[in-house]
Amino acid sequence: PELRELLGREDLRQLAQRITARFHLTPLSVSESEEYLRHRFAAAGGQRFPFSKLAVRRIHVHSQGVPRLINIVAERALLAGYAKGVESIGERWVDLAAKEALAPPLSRLPKPRLAVVLFAVLTIALVAVLLWPKPLPLPPPPQIRPELLAALQVPYLDNEPFIDRSVAAGASPLPAWQRLLTLWTVRSDVVDSSTASQCAPVLAPGLYCLRSRGTLDKLQVLGRPALLRLRAANHESWAVLLGSDARTVRLWLGEGQVETARVILERHWTGEFAVIWRGPDFLGRMPRPGARGPAVDWVHDRLHSGNNNVAAGPALMDAALIEAVRRFQAESGLLADGVVGPETLLALGAIDPGPRLHRSLE
């Protein structure tokens, strides 16, 4: 609101006239506040939403629906719940958190006279000089509990422990699919793990799935977390690839993250993988030679991003664009056939927001 009032000043009218589009963001409603909290919690990897219904309403009351204040109150409430060892955050913890984190509203008092202000300042300065305290020692740094520190560390597994972890994870792929959906913040009422495991090309509007075979180098090019099918000690299991560098990989396997050597994973990985990704709704139909439309424009823009010499306007899937697709496929380690298939679309969308593979596991 302050910016809107500032732009309304007479001396800033020329600046205001240059703004061609305006939209004033209003505070979130109660339901939107809950959706925002659930999204933030899921994006952080949370499994069980910690706030009760009444706690969510109290967060909305204290924050008035302003996302910045929702963050402050919710974070302080989670910290209080952690300190007290509670598993569910109720309205009591939210009220205490808001009382500590948010400044109380200032009361409107009459402006004092200048002489009174000067006298008060001089008096306070004199008292401060006479009663200046000795500097207090700094508080000790917060101590992290050993079990929490251990939980934050990702264990490294050699071959035999990796086999044991794979066997213990079980043969059902649904937990791994649920982890993959959580990474993409896909709600269960949109797509559940059972539906996702079928890996239909279009899981939901703007949500796509690809099942294929390949190598770790290929998955690094695609740049997204991938579900891997493992076979160790004649037992089948499923893992989610979270990161990979020259020697080590990081996986979600059996309810937690682990790291192991690339050669160990390649020894027990069948080569089959599945990925999900987000993109515009119109990518459900792959662009064909001679076609026009939003999908062709999307491919053209991704191939020529940063090139100011390319003419603007509707694109055509002509020989030049097909050749550009082949060059991109060859540079990305994909089959250079000029066909804009699911793997090529996924690689072109690697710059879009969403979870990415970690390239450094230091």
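Author: Happy to! The accessible surface of the protein comes to about 23,200 Å², and 58% of that belongs to carbon and sulfur atoms; such areas come from the Shrake-Rupley method with a 1.4 Å probe, and for residues only the protein chains shown count as cover. The model is a predicted one, where local features need pLDDT of at least 70 and side-chain atom pairs count only at pLDDT 80 or more, while totals for chains, interfaces and linings use all residues. Residues are numbered from 1 along each chain as its sequence is written, and side-chain values use heavy atoms, with hydrogens and water left out.

Of the 362 residues, 36% count as buried (under 20% relative accessible area; exposed is over 50%, and partly exposed lies in between, with a 1.4 Å probe and protein chains only). The secondary structure comprises 16 helices and seven strands; these are DSSP runs numbered from the N terminus, helices being H or I with at least four residues and strands E with at least two.

Now to your salt bridges. The term stands for a side-chain nitrogen of Lys or Arg within 4 Å of a carboxyl oxygen of Asp or Glu, and the count comes to 15.

Let's start with R76 and E100, whose side chains meet in a salt bridge at 3.3 Å, N to O. This pair links distant parts of the chain, since R76 belongs to helix α5 (residues 67–84) and E100 to helix α6 (residues 91–101), 24 residues apart. R76 counts as partly exposed, because its relative accessibility is 32%. E100, with a relative accessible area of 57%, is exposed.

How far apart are the closest N and O atoms of K218 and E343? They are 2.7 Å apart, and the two residues form a salt bridge. K218 lies in helix α12 (residues 216–222) and E343 in helix α16 (residues 342–348), so this pair ties together parts that are 125 residues apart in sequence. K218 and E343 are both buried.

Contacts (heavy atoms within 4.5 Å) complete the picture. Among those in the protein with a separation of 6 or more, 62% come from residues 24 or more positions apart.
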